[in-house]
Amino acid sequence: MTEIYRMQITSLYAALGALLVIALASRVMLRRHSGRIGIGDAGDSELLRRIRVHANAVEYLPLGLILLGLLEWNQFAPVYVHACGATLLGGRLLHAIGMSRSSGATPERMLGMVLTLLAVVGMAVLLIWKQL
């Protein structure tokens with residue numbers, strides 16, 4: 001008897017990631033509205049930072065979620081899938097917090113990038129290992 005695999009773990013992290021992206025996009029929209037800026041950043045450094053915070057999440061989350069889904073699809077133990085999902089999402093959240101506070105290096109931003117890259121590289125290595 002075949003069972004349909006539902007990808008419940010990936011669904012959780014995709015939903016949480018979507019809420020993070022929407023929250024970051026809302027911050028961009030609020031700044032655009034208050035500054036009456038339609039396109040671009042009009043030289044507003046705060047708006048530019050908010051745009052980049054949002055863009056960074058959008059740049060890394062899709063790849064991470066695809067890898068996470070592939071881990072789950074390949075039936076890695078749920079604890080590994082959750083660990084990777086939490087590391088990815090935690091990294092993106094910390095990065096967003098750190099980058100929102102300053103355009104320079106912050107501990108949150110640096111830790112967020114380390115966690116994000118650790119999750120992405122770790123998932124890639126696990127998937128390669130599984131195929132050998």
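Where is R36 found? R36 is found in the loop between α1 and α2, and this loop is a friendly place to begin a tour of the chain. The structure is a predicted model, in which local features need pLDDT of at least 70, side-chain atom pairs count only at pLDDT 80 or more, and totals for chains, interfaces and linings use all residues. Residues are numbered from 1 along each chain as its sequence is written, and side-chain values use heavy atoms, with hydrogens and water left out.

The secondary structure of the chain consists of 4 helices and 0 strands, where helices (H or I, at least four residues) and strands (E, at least two) are DSSP runs numbered from the N terminus. Followed along the sequence, the pattern reads α-α-α-α. The C-alpha trace spans about 60 × 30 × 20 Å along its principal axes. Of the 132 residues in the chain, 36% are buried; here buried means under 20% relative accessible area, exposed means over 50%, and partly exposed lies in between (1.4 Å probe, protein chains only). Among the contacts in the chain with a separation of 6 or more, 64% are accounted for by residues 24 or more positions apart, a contact being heavy atoms within 4.5 Å.

The accessible surface of the chain comes to about 8,100 Å², and 68% of this area belongs to carbon and sulfur atoms. Accessible areas come from the Shrake-Rupley method with a 1.4 Å probe, and for residues only the protein chains shown count as cover. Part of the surface is a nonpolar patch formed by L12, L16 and L19, which together have about 260 Å² of accessible area. Patches are made of residues with over 30% relative accessible area and no salt bridge, with like charges joined within 9 Å and nonpolar side chains (Val, Leu, Ile, Met, Phe, Trp, Tyr) joined within 5 Å. L12 is found in helix α1, residues 8-35. With a relative accessible area of 39%, L12 is partly exposed.

Turning to charge, the chain has 12 positive and 7 negative side chains, and the centres of the two sets lie 4 Å apart. Lys and Arg count as positive and Asp and Glu as negative, while His and the chain ends are not counted. The place of a charge is taken as NZ of Lys, CZ of Arg, CG of Asp or CD of Glu. Side chains of opposite charge can pair when their charged atoms come close. A search of the whole structure finds 5 salt bridges, each defined as a side-chain nitrogen of Lys or Arg within 4 Å of a carboxyl oxygen of Asp or Glu.

One of these salt bridges links the side chains of E46 and R50, at 2.9 Å from N to O. Both residues lie in helix α2 (residues 45-73), 4 residues apart, or about one turn of the helix. E46 is buried, with a relative accessible area of 17%, and R50 is buried as well, at 18%. Another salt bridge joins E59 to R52, with the closest N and O atoms 3.2 Å apart. Here E59 is partly exposed at 44% relative accessible area, and R52 counts as partly exposed at 31%. Salt bridges that share partners also join E46, R49 and R50 into one network. The side chains of E108 and R101 meet in a further salt bridge, at 2.7 Å from N to O, and R101 is exposed, with a relative accessible area of 59%.

T116 lies in helix α4, residues 107-131, and is buried, with a relative accessible area of 0%. Beyond its neighbours within four places in sequence, T116 is in contact with Y60, L88, G91 and R92. G90 is placed in helix α3, residues 78-101, and counts as partly exposed at 25% relative accessibility. From C-alpha to C-alpha, G90 and R49 are 20 Å apart in space, and 41 residues separate them in sequence.

The backbone also deserves a look. Most residues other than glycine have a negative phi, and most peptide bonds are trans. M7, although not a glycine, has a positive phi of about 55°, and is found in the segment before α1. R36 likewise is not a glycine and has a positive phi of about 50°. At 79% relative accessibility, R36 counts as exposed.
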